[in-house]
Amino acid sequence: MSNSTTDPLVIAGVSFSSRLIAGSARFPNNQVLLDALEASGAEIVTASIRRISLDGYAESLVDLLGDRYRLLPNTSGCVTARDAILTAELAREALETNWVSSS
Amino acid sequence: MTRLRINGEEAELAVATIAELLVERGIDPTARFLAVAVNGAVVRRAEWPEAALSPGDNVEIVRPLQGG
């Protein structure tokens, strides 16, 4: 299945052949998420910004997704404007992107 | 020893900079997709080796995860 189109979606000068922005939450496991993303043809995938475990850094699925998809950070879970702004700023640093979505 | 609040947890650690804090916590400072804020302000990655921590600092260490 492909969502390819001859009319690309262009955001801030970046062209996408798929208009689908895929969420990454609530999949039953990582393989289902990977399979769903592959089948969807999506090129943009959402990511949340979360505190890391202080037990040490372990690679997350997002480390893998980042090479294949454009990760779109969001401010989900923030309860104040200050939280949302800081989370967006952290996302910009972590993902080296000025893009952010609110949800 | 420096008393810090790290991701909401109090800790007293012998670290002087953000880079030292990450290493002490078993986090590779060169790992991709990391971001750090101190007292509500983002500290750029390039500044981690020199960014001094002071007693009472509130440090947030984050990375992207599935969600949203």
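Predicted model: local features only at pLDDT ≥ 70, side-chain atom pairs only at ≥ 80, totals over all residues.

Biologist: Why is I49(A) called buried?

Modeller: I49(A) has 30 C-beta neighbours inside 10 Å. The threshold is 20 or more, so I49(A) counts as buried. Its place is in strand 4 of chain A.

Biologist: Which residues is I49(A) in contact with, leaving aside neighbours within four places in sequence?

Modeller: In chain A they are P73(A), T87(A), L90(A), A91(A) and A94(A). In chain B they are V62(B) and P64(B). The C-alpha atoms of I49(A) and T75(A) are separated by 7.2 Å, though the two are 26 residues apart along the chain.

Biologist: What makes N74(A) buried?

Modeller: N74(A) has 25 C-beta neighbours inside 10 Å. Against a threshold of 20 or more, N74(A) therefore counts as buried. Its place is in strand 5 (residues 70–74) of chain A. N74(A) and S17(A) are 57 residues apart in sequence and 22 Å apart in space, C-alpha to C-alpha.

Biologist: What share of chain A counts as buried?

Modeller: Of its 103 residues, 26%. The C-alpha atoms of chain A fill a box of roughly 45 × 30 × 20 Å along the principal axes. Chain A has three helices and five strands. Their order from the N terminus is β-β-β-α-β-α-β-α.

Biologist: Which residues have the most contacts inside the largest nonpolar core?

Modeller: L90(A), A94(A) and I61(B), in a core of 33 residues. Helix 3 (residues 81–95) of chain A gives the most to this core, with six residues.

Biologist: How many residues does each chain bring to the contact between A and B?

Modeller: Chain B brings 26 residues and chain A brings 31. On the chain B side, strand 3 (35–38) and strand 5 (58–65) are the elements giving two or more residues. Strand 5 of chain B has the largest share, six residues. By class, the chain B side has twelve nonpolar, six polar and eight charged residues.

Biologist: How do you know that strand 4 of chain A and strand 5 of chain B pair?

Modeller: Pairing needs at least two bridges. These strands have four, in the antiparallel sense, so they pair. For one of the bridges, the partner of S48(A) is L65(B).

Biologist: Why do strand 1 and strand 2 of chain B count as paired?

Modeller: They share five bridges, in the antiparallel sense, and at least two are needed, so they pair. R3(B) has E12(B) as its bridge partner in strand 2. The hairpin has two residues between the strands, and N7(B) takes a positive phi near 50°.

Biologist: How many of the five residues in strand 2 of chain B are buried?

Modeller: Zero, so strand 2 (residues 9–13) is hardly covered.

Biologist: What confidence values go with chain B and with the complex?

Modeller: Chain B has a mean pLDDT of 95, and 100% of its residues reach 70 or more. For the complex, the predictor gives an ipTM of 0.93 and a pTM of 0.89.

How values were computed:
Residues numbered from 1 in each chain as written. Chains lettered and ligands numbered in written order. Buried ≥ 20, exposed ≤ 12 C-beta atoms within 10 Å, placed from the backbone. Contact = placed C-beta atoms within 7 Å. Nonpolar A, V, L, I, M, F, W, Y, C, P; charged D, E, K, R; others polar. Core = buried A, V, L, I, M, F, W, Y, C linked by C-beta atoms within 7 Å. pLDDT = per-residue confidence, 0-100.
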